[in-house]
Amino acid sequence: MLDKIFSADALAESIEILQTEFPVALWETFYVTILATAFAIVLGLPLGVLLVAGEKGGVLPLPKGLMNALNVIINLLRSVPFLILMILVFPLTRAIIGTTVGTPASIVPLVIASFPFVARLVESSLREVNPNIIEAAQSMGASPLQIICKVMIPESVPSLISNATIAITTILSYSAMSGIIGGGGLGKIAINYGYYRYKYLVMVFAVILLIVLVQLFQSIGTKLATKSDKRLKTKRNTK
Amino acid sequence: MIEIKNLTKTFEVANGTLDALKDVNITIHDGEIFGIIGMSGAGKSTLVRCINMLERPTEGSVIIDGCDIGRLSAKELRNKRRNITMIFQGFNLLMQRTCLKNICFPLELAGVPKAEAKEKALELLETVGLPDKAYAYPAQLSGGQQQRIAIARALATNPQVLLCDEATSALDPKTTHSILELIKEINRKTGITVIIITHQMSVVEDICTNVAILDNGRVVESGAVSEVFSKPKSDAAKRLVFPEGAEEVFAESGNEPRIRVVFNGAKAANIPLISQMAIDKGIVANILGASTKAIGDRAYGNILLGIPGGKEQVATAIEYLGAIEDITVEEV
Ligand SMILES: Nc1ncnc2c1ncn2[C@@H]1O[C@H](COP(=O)(O)OP(=O)(O)OP(=O)(O)O)[C@@H](O)[C@H]1O
Ligand SMILES: [Mg+2]
């Protein structure tokens with residue numbers, strides 16, 4: 001078995017596939033991940049802000065019913081397994097993209113699956129902001145909107161960046177999964193060759209590339225988060 | 001003028017309610033440095049937070065220059081708060097902004113043009129003695145320096161009132177003193193009314209002209225600092241003035257006559273009064289008990305003396321000691 005997988009023929013064939021299909025697949029995975037993350041942040045950031053600002057004792061208290069509804073919706077969306085969610089949102093995908101298969105179509109379920117997650121990440125970042133600083137801003141006459149835009153968000157930028165990194169790596173792995181239902185990218189290659197055609201070597205390459213991408217996003221994210229954090233004494237920020 | 005009238009604040013807590021403030025009445029005049037002192041949990045923070053309505057009083061009102069600020073709309077209150085700014089024990093600077101940007105912050109909130117705000121901020125950095133820290137971040141500053149930035153930030157909108165909630169409690173004595181000096185100087189130059197919340201006697205002694213003692217949500221004593229500190233009447237005041245419980249410790253004494261020497265801020269802290277009396281008048285007094293406190297170079301409190309000899313000696317001693325400024329003597 002093993003000698004078959006790693007035979008010279010198999011190797012040559014894999015390298016062939018690697019050269020012809022991987023560049024496109026890599027690009028597809030990359031842009032799907034970036035786009036889906038961007039949309040998820042567009043939806044998740046305001047939602048996360050509402051979750052913190054809108055609660056009782058927050059800077060912009062909202063009706064309790066609304067807050068409960070938001071929380072229930074987020075929890076519901078987060079509890080549906082991604083594979084099932086992809087199929088569930090087919091009608092929505094078709095309405096927006098016109099089709100349910102192909103790389104662009106996979107962005108819709110990715111966004112639906114990840115924006116509630118992003119909202120929770122944003123919520124946890126914003127909760128880290130020292131409440132005394134918020135109170136100080138209130139004592140200076142800041143309005144709720146000013147507190148959100150000038151205090152809560154800017155003060156939690158480092159944490160928001162590291163949480164965005166978590167989001168992007170999670171969305172990357174979701175995007176690989178979307179290969180099962182017709183999404184493009186490295187996931188599709190891994191499943192098509194590895195699962196349907198027993199070309200394990202191709203799958204291994206695909207997985208290695210996914211790992212490399214995760215590492216890349218993670219290290220860039222960590223660097224940016226550290227760099228943006230002005231609380232770190234060791235690094236003297238001078239201008 | 002700030003008038004705090006019948007202020008009561010009741011919190012809902014797990015097992016019922018908690019009266020953090022009970023019928024508090026205080027009047028603070030313009031330009032004054034007013035101390036509010038009390039033990040932990042006395043309600044000081046609650047009181048100061050009611051002054052700018054960060055905390056809504058349950059009853060009573062806060063009237064600033066005739067304006068009942070509890071009745072203002074949200075927007076009017078935000079405008080008013082630019083006039084009553086605050087500094088905190090924890091400094092509460094924005095950690096992701098430079099010092100300059102921190103000082104600009106309240107101006108930014110008020111919609112002051114950027115260039116104008118920056119100019120004002122640079123000016124204030126000079127005032128607080130940190131012109132070289134404009135582009136440093138708060139994390140790069142010591143506590144005392146951070147509090148200076150916080151003071152500059154509080155002054156940016158040219159307020160009439162500065163509230164200081166335990167502003168020096170996180171600082172060492174020397175830094176505390178320099179921050180208090182700065183506040184004093186700003187008060188002198190701008191005429192800003194300062195309200196100092198503290199649990200430290202030394203802070204009140206150092207800087208305040210008037211003081212209110214808060215105990216368990218009530219004002220138990222208030223008045224001029226020298227008055228309150230020389231003759232503390234309430235238990236709470238006594239505990240603060242003599243924290244070691246240095247209530248009078250009487251030595252066993254015979255039946256010789258006694259006199260009480262009361263120091264009301266006499267400059268006698270360093271004069272060996274009793275020995276001097278022995279030399280000058282030949283009266284060798286027994287110190288039976290003492291509860292005095294030196295505040296700066298001034299003495300507060302009292303000493304109980306036993307005077308040997310007859311009535312004449314007692315009269316001489318009373319006359320001798322009573323002649324010294326800010327000392328009163330009585331026979332007991
Ligand atoms: N939001 C709140 N909810 C319930 N109880 C509160 C609240 N804020 C304060 N208290 C209670 O009110 C009382 C007074 O608190 P406050 O913070 O004003 O005291 P303090 O004099 O400032 O004490 P410290 O010197 O420790 O800061 C305390 O018993 C406190 O537990
Ligand atoms: Mg307090």
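Predicted model: local features only at pLDDT ≥ 70, side-chain atom pairs only at ≥ 80, totals over all residues.

Residues are numbered from 1 along each chain as its sequence is written, chains are lettered from A and ligands numbered from 1 in the order in which they are written, and side-chain values use heavy atoms, with hydrogens and water left out.

**Cysteines.** With a disulfide taken as a pair of cysteine sulfur atoms within 2.5 Å, the count over all chains is zero.

| Cysteine | Closest cysteine sulfur | Distance |
|---|---|---|
| B:Cys67 | B:Cys50 | 16 Å |
| B:Cys99 | B:Cys104 | 11 Å |

For B:Cys67, the separation is too far for a bond. Buried means under 20% relative accessible area, exposed over 50%, and partly exposed in between (1.4 Å probe, protein chains only). B:Cys67 is partly exposed at 23% relative accessibility, whereas B:Cys99 is buried at 0%.

**Helix H1(B).** Helices (H or I, at least four residues) and strands (E, at least two) are DSSP runs, numbered from the N terminus. H1 of chain B spans residues 44-51; seven of its eight residues are buried, so the rest of the structure largely encloses this helix. Among the buried residues are B:Leu47 and B:Cys50. After H1(B) comes B:Met53, with a positive phi near 60°.

**Strands S11(B) and S13(B).** Eight of the nine residues of S13 (residues 298-306) of chain B are buried, so this strand too is largely enclosed by the rest of the structure. Strands pair if DSSP finds at least two bridges between them. S13(B) pairs with S11 (residues 258-266) of chain B in the antiparallel sense, over eight bridges. B:Gly306, in S13(B), is the bridge partner of B:Arg258.
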